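Here's a quick briefing to read alongside the sequence and the model.

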Amino acid sequence: MTRLLHIDSSIMGEKSLSRRLTAELVEKLRGDIPGLEVAYRDVAAAAPPMLSSALFFARGAGTEPEDAALRAELSTARDILEEFLAADIVVIGAPMYNFSIPTQLRGWIDHLVVPGKTFAYTAAGLQGLVTGKRLIVVSTRGSLYAGNEALSAQDHQEAYLRTTFGNLGVTDFAFIRAEGVGLGPAQKEEALASARRDIAALAAA
Ligand SMILES: Cc1cc2nc3c(=O)[nH]c(=O)nc-3n(C[C@H](O)[C@H](O)[C@H](O)COP(=O)(O)O)c2cc1C
């Protein structure tokens, strides 16, 4: 059985383009992969707990915190990590906001980067512990960045995701991109059509 984790992070609700595209992508994979099991987390609807000092130290303490609110945060943080580790395929709707990713998505990632679980420090440097996972990012952005050297340098969205998950050990990346959606209706339609072509062309495995 193949397990897919579907993450949405857009704050734009029904107007969101990344939500539209991740939904279409997951439907396509459901058709391609018999018995696909899908877990869904909307980090904009229910923001992950912020990685505070208290939560950070509680995570490594080895005992349950006495404070009920902190216990609940720790439980959510553990669920987020377990869901990620259990998935064979992770689909992330990752719009570019302010040259980076939505705050809530960053908050989700803060619960994945855990020493001893997803990476280890070794004498040779950082070693990713995440293997055999396929990551598909739906990237939506208002301007055009790909292939433009000056604007690519301002991309702290795709570059951040590639760096972070790459350091955790992920090697199987795909980026489904709808770019320039703020540059007028024609460019927006072309961007969506291009993303849909890329979704259709995605291999099932
Ligand atoms: C709060 C906010 C910040 C944004 N910042 C950028 C930006 O820095 N660069 C850019 O090219 N587009 C930016 N955009 C445009 C979005 O990337 C674009 O609207 C995209 O469709 C967002 O995905 P979504 O529709 O799923 O939310 C921003 C949009 C919002 C709402």
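**Fold and overview**

UniProt, in an unreviewed entry, places the feature "domain: Flavodoxin-like fold" at residues 3-201. Keep in mind that this is a predicted model. Across residues 3-201, the span is 41% helix and 21% strand, and its end C-alpha atoms sit 20 Å apart.

**The annotated binding site**

- The unreviewed UniProt entry lists Ser10, Ser16, Leu17, Ser18, Met96, Tyr97, Asn98 and Phe99 under "binding site".
- From that set, Ser10, Ser16, Leu17, Ser18, Met96 and Tyr97 turn up in the lining of the largest pocket.
- Serine 16 sits in the loop that links strand S1 (3-8) to helix H1 (17-32).
- With a relative accessible area of 3%, serine 16 is buried, since the cut-off for that label is under 20%.
- The serine 16 side chain also makes a polar contact with the side chain of serine 10, at 3.2 Å.
- Leucine 17 is part of helix H1, and leucine 17 is buried too, with a relative accessible area of 10%.
- Skipping neighbours within four places in sequence, leucine 17 is in contact with Thr140, Val181, Lys188 and Leu192.

**Around the ligand**

- The ligand is surrounded by 16 residues, and the closest are Ser10, Ser16, Ser18, Met96 and Tyr97.
- Serine 18 puts a polar side-chain atom 2.5 Å from an oxygen atom of the ligand.
- Threonine 140 has a polar side-chain atom 2.8 Å from an oxygen atom of the ligand.
- For glycine 142 it's the backbone: one of its polar backbone atoms is 3.0 Å from a nitrogen atom of the ligand.
- On its own the ligand would expose 620 Å², and the protein buries 76% of that.

- Most residues other than glycine have a negative phi.
- Asparagine 98 isn't a glycine, yet its phi is positive, at about 50°.
- Asparagine 98 belongs to the loop between strand S3 (89-95) and helix H4 (103-109), and asparagine 98 is exposed, with a relative accessible area of 73%.
- Phenylalanine 99 isn't a glycine either, and has a positive phi of about 70°.
- Phenylalanine 99 lies in the loop between S3 and H4 and is partly exposed, with a relative accessible area of 41%.

- Look for glutamate 179 in the loop between strand S7 (172-178) and helix H7 (185-201).
- Glutamate 179 counts as buried, at 10% relative accessibility.
- What does the side chain of glutamate 179 reach at 2.7 Å? That's the backbone nitrogen of tyrosine 145.
- The glutamate 179 side chain also reaches the backbone nitrogen of alanine 146, at 3.2 Å.
- Setting aside neighbours within four places in sequence, glutamate 179 is in contact with Arg141, Ser143, Leu144, Tyr145, Ala146, Gln187 and Ala191.

**Glycine 147, out in the open**

- Glycine 147 falls in the loop between strand S6 (134-140) and helix H5 (149-152).
- Is glycine 147 buried or exposed? Glycine 147 is exposed, with a relative accessible area of 86%.
- From glycine 147 to leucine 74 is 73 residues in sequence and 41 Å in space, C-alpha to C-alpha.

Note on methods:
Residues are numbered from 1 along each chain as its sequence is written. This is a predicted model: local features need pLDDT of at least 70, side-chain atom pairs count only at pLDDT 80 or more; totals for chains, interfaces and linings use all residues. Side-chain values use heavy atoms; hydrogens and water are left out. UniProt positions are given in the numbering used here, feature names are shortened, and annotations may be inferred rather than shown by experiment. Helices (H or I, at least four residues) and strands (E, at least two) are DSSP runs, numbered from the N terminus. On a 1 Å grid over the protein atoms alone, a cavity is a set of points where a 1.4 Å probe fits but cannot get out, and a pocket is an open set with protein on both sides within 12 Å along at least five of seven lines; lining residues have an atom within 4 Å of a point. Buried means under 20% relative accessible area, exposed over 50%, partly exposed in between (1.4 Å probe, protein chains only). A polar contact is a pair of N or O atoms within 3.5 Å; within protein, one must be able to donate a hydrogen and the other to accept it, and residues adjacent in sequence count only if both atoms are side-chain atoms. Contact means heavy atoms within 4.5 Å. A residue is near a molecule or strand if one of its heavy atoms lies within 4 Å of it. Accessible areas come from the Shrake-Rupley method with a 1.4 Å probe; for residues, only the protein chains shown count as cover.
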